[in-house]
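Dear colleague,

I am handing over the structure below, and my notes on it follow directly after. Please read them alongside the coordinates.

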Amino acid sequence: FMSAAGSDGPQAAEGQAPKPAQRWDHPRAQQAIIAAARQQGNPILASVRSTPLEYAEGLVPDYLAGPETAVLFISLRFQRLHPEYLQRRVQTLGQRHRSRIVLCRVDLDQPDEHLEQVTLQAFHGGLSLVLAWTDAEAAGYLETLHRYQSKSAEALRGRLTKGDDRARLQEVLTTVKGVNKTDAASLTSRFGSFAGVAKASEEELQRCPGVGDKKVRQLRHVFHTPFFPQ
């Protein structure tokens, strides 16, 4: 992973070609993934197969996956070496694009510390965070973002019957580790709403068939642990 090039002063040093002016957009972004020239050699690009890929000098985002979709790329190994880098990039990117995304390659065996740093910087910068554990997965996210550049948020979500709040609640509950569809249906039937489940005591949760001590502890942990530890 290569860092972004800084800007020169008014004139480049004698004998050196001036660096290209910074740019945040590209006229071909709707037809192709536009990669900043500094990203040449990034191994994820070898896995971009079904979408045209072009390079641009001076591009501030690492990638444009559409005219309004800016992507910053970072690997956790790079984050470990340069912990202030992403924050500077987020500030330089600014608010020009409708969708701003940090695409993070998880390439450390023990990622927690550095992933927390990336998560915080993305959160405070107002960017979405997408994690990829392989180069092919990262490339797939880039292509998917480009493919859905003009789609609404509803098109990206799973298909649920309109107004089916119970189905939505069950879908959310099954994202909790260890909670299966039967558990989610039981919790939904007993408490009726997300707020009802979240406010339930351990004793109330345990009255649901199939929801034992381990699942109760996991539910309580999810609902009552701060997202960002103090």
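Of the 230 residues in the chain, 38% are buried, where buried means under 20% relative accessible area, exposed means over 50% and partly exposed lies in between, with a 1.4 Å probe and protein chains only. This is a predicted model, in which local features need pLDDT of at least 70 and side-chain atom pairs count only at pLDDT 80 or more, while totals for chains, interfaces and linings use all residues. Residues are numbered from 1 along each chain as its sequence is written, and side-chain values use heavy atoms, with hydrogens and water left out.

The chain has 10 helices and six strands, taken as DSSP runs numbered from the N terminus (helices: H or I, at least four residues; strands: E, at least two). Among contacts (heavy atoms within 4.5 Å) between residues at least 6 apart in sequence, 64% join residues at least 24 apart.

On the surface, Glu202, Glu203, Glu204 and Asp213 gather in a patch of negative charge; such a patch is made of residues with over 30% relative accessible area and no salt bridge, like charges being joined within 9 Å, and a salt bridge is a side-chain nitrogen of Lys or Arg within 4 Å of a carboxyl oxygen of Asp or Glu. Helix H9 (residues 202–206) supplies the largest share of this patch, three residues.

Glu202 lies in helix H9 and counts as partly exposed, because its relative accessible area is 39%. Leaving aside residues up to four places away in sequence, Glu202 touches Val216 and Arg220; the C-alpha atoms of Glu202 and Val216 are 6.3 Å apart, although 14 residues separate them in sequence.

Best regards

How values were computed: Patch = residues over 30% accessible without salt bridge, like charges linked within 9 Å, V, L, I, M, F, W, Y side chains within 5 Å. Areas by Shrake-Rupley, 256 points an atom, 1.4 Å probe, with all protein chains shown as cover. Lys, Arg positive; Asp, Glu negative; His and termini not counted. Charge placed at Lys NZ, Arg CZ, Asp CG, Glu CD.
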